[in-house]
Amino acid sequence: MKIGVIGGGSWGTALAKLLADQGHEVLMWVHEPDLVTSINQSRENTTYLAGHRLPETLRATHDMKEAVSDREMIVSVPPSHVLREVMGQAAPYLPDGIPIVSATKGIENDSLMLVSEILEDVLAPRFHPFLCYLSGPSFAKEVAAQKPTAVTIASYNHRLAVKVQQVFSTTYFRAYTSNDVVGVEIGGALKNVIAIASGAVSGMELGLNASAGMITRGLNEITRLGVRMGANPLTLTGLAGMGDLVLTCTGGLSRNRTVGYKLGQGMTIDAILSEMNMVAEGIKTSRSVHNLAEKIGVEMPISEQVYQVIYEGKDTRQAVTDLMSRPLKAELGGWM
Ligand SMILES: NC(=O)C1=CN([C@@H]2O[C@H](COP(=O)(O)OP(=O)(O)OC[C@H]3O[C@@H](n4cnc5c(N)ncnc54)[C@H](OP(=O)(O)O)[C@@H]3O)[C@@H](O)[C@H]2O)C=CC1
Ligand SMILES: O=C(CO)COP(=O)(O)O
């Protein structure tokens, strides 16, 4: 197939490589023109996925029209804060009737829209039946190294999900289908916020009990939000929920966990960001969740503490004290 991948960060490059390794002809739209030249000449994305040789079947371009026109499938992978702008640029060139696979995780700051809502806002209604969402525990570096990985592909259009499942699946990359778009998206966006909390727990050296408690209570509040927004709670026990939450909260490769770890060690968010060239979606998502939870009346205590630490300069130890001293309650209260 001729496939266009929009976004040349680590995840876009890893997915482009996965598809190109299977013999598909992949054209990857990259934001920074200098990086385009470097990828095409050196066969490596030294900025975002260093150390992985990219196959000849993968080529980079900065020309959106070239990347999108004449393709048989599109994979959309920009960070969530530029998704609207980037897919807005792609929209005029999108061929009709081809699968559009989104792999971005996040919730937009001002609109509080999920990725699916942003795409439905930016793209004309005729494209909506061709949208699907790939999510789950999948560090780009491990996929690029062809390590076994399982993900979920969600769509309201089951036949489309099955078709895309077949395109992506290989001996080391196994995709499952789901019709729960909201559940898959909430899982992927919220796990990044909880991963910051989990990293902070490790950074403060609060022990393994605290880490396990943070992950489990994190899943509880993710599920509470998901159910309130129409998700199937069981989706959140799956790959895009618990699977990605466990990976990101415990895996040393996680950018979000690393941000939390450094916060827990006492660094300021500004100092942490000045050292990073990659996105940690949980930072912006914590702000969206703060506003969304208030708007729809869902209690999200861990996400709220992450928001206060990042945006209000709250001390991470005070955040833990505040979480531990909340009123006592039943474990499954709020969503069962
Ligand atoms: N990395 C991973 O392991 C995984 C990531 N994801 C998700 O994939 C999405 C993309 O993340 P990821 O690939 O990791 O990102 P990276 O942090 O690796 O790269 C950031 C990307 O954003 C681009 N960018 C920055 N500003 C702009 C802009 N104004 N317009 C267009 N592009 C811009 C950068 O391009 P440039 O430098 O050329 O400006 C770069 O390609 C996120 O939602 C993330 O949560 C999901 C699963 C796994
Ligand atoms: O989403 C991811 C793995 O599934 C990547 O997580 P980080 O963005 O925290 O690195």
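Colleague: Is Lys 191 buried or exposed?

Modeller: This is a predicted model, and in it Lys 191 has its place in helix H8. A residue counts as buried if 20 or more other C-beta atoms lie within 10 Å of its own. Since Lys 191 has 33 C-beta neighbours inside 10 Å, the residue counts as buried.

Colleague: Which residues does Lys 191 touch, not counting residues up to four places away in sequence?

Modeller: The UniProt record, an unreviewed entry, lists Lys 191 under "binding site", and the list also includes Asp 244. Once residues up to four places away in sequence are set aside, the residues that Lys 191 touches are Asp 244, Leu 245 and Thr 248.

Colleague: Why does Arg 255 count as buried, and with which residues is Arg 255 in contact beyond four places in sequence?

Modeller: Arg 255 is found in helix H11 and is another of the positions that the unreviewed UniProt entry gives as "binding site". Arg 255 is buried because 21 other C-beta atoms lie within 10 Å, where the cut-off is 20 or more. Leaving aside neighbours within four places in sequence, the contacts of Arg 255 are Met 278, Val 279 and Ala 280.

Colleague: Which element gives the most to the shell around ligand 2?

Modeller: There are 13 residues around ligand 2, and those that come nearest are Ser 138, Thr 248, Ser 254, Arg 255 and Asn 256. At least two residues of the shell are supplied by each of H8, helix H10 (239-250) and H11. With three residues, the element that gives the most is H10.

Colleague: With which residues is Leu 15 in contact, beyond its neighbours within four places in sequence?

Modeller: When neighbours within four places in sequence are left aside, Leu 15 is in contact with Val 5, Val 75, Val 77 and Ala 103.

Colleague: Which element gives the largest share of the side of domain 1 that touches domain 2?

Modeller: The domain assignment gives domain 1 (2-179) and domain 2 (189-324), and their C-alpha centres lie 25 Å apart. The contact takes 21 residues from domain 1 and 22 residues from domain 2. On the side of domain 1, the elements that give two or more residues are H4, strand S7 (149-154) and strand S8 (173-178). The largest share, three residues, comes from S7.

Colleague: Against which helices do the buried residues of H13 pack?

Modeller: Helix H13 (residues 281-296) has 16 residues and reaches 22 Å from its first C-alpha to its last, close to the 22 Å expected at 1.5 Å a residue. Its buried residues include Glu 281, Ile 283, Ser 288, Val 289 and Leu 292, and H13 is followed by Gly 297, whose phi is positive, near 70 degrees. The helices against which the buried residues of H13 pack are H4 (80-90), H8 (181-203), H9 (208-228), H11 (255-264) and H14 (301-312).

Colleague: Is Glu 108 buried or exposed, and which residues are its contacts beyond four places in sequence?

Modeller: Glu 108 is found in the loop between strand S5 (100-102) and helix H5 (115-122). Glu 108 is buried, since 20 other C-beta atoms lie within 10 Å. Leaving aside neighbours within four places in sequence, its contacts are Ser 80, Met 113, Ile 118 and Ser 288.

Colleague: Is Gln 166 buried or exposed?

Modeller: Gln 166 lies in helix H7 (residues 158-168), and its C-alpha is 42 Å from that of Tyr 311. Because Gln 166 has 10 C-beta neighbours inside 10 Å, the residue counts as exposed.

Conventions:
Residues are numbered from 1 along each chain as its sequence is written. Chains are lettered from A and ligands numbered from 1 in the order in which they are written. This is a predicted model: local features need pLDDT of at least 70, side-chain atom pairs count only at pLDDT 80 or more; totals for chains, interfaces and linings use all residues. Helices (H or I, at least four residues) and strands (E, at least two) are DSSP runs, numbered from the N terminus. The expected span of a helix is 1.5 Å times one less than its number of residues. A residue is buried if 20 or more other C-beta atoms lie within 10 Å of its own, exposed if 12 or fewer, and partly exposed in between; C-beta atoms are placed from the backbone. Two residues are in contact if their C-beta atoms, placed from the backbone, lie within 7 Å. UniProt positions are given in the numbering used here, feature names are shortened, and annotations may be inferred rather than shown by experiment. A residue is near a molecule or strand if its C-beta atom, placed from the backbone, lies within 6 Å of it. Domain bounds come from an automatic or database domain assignment.
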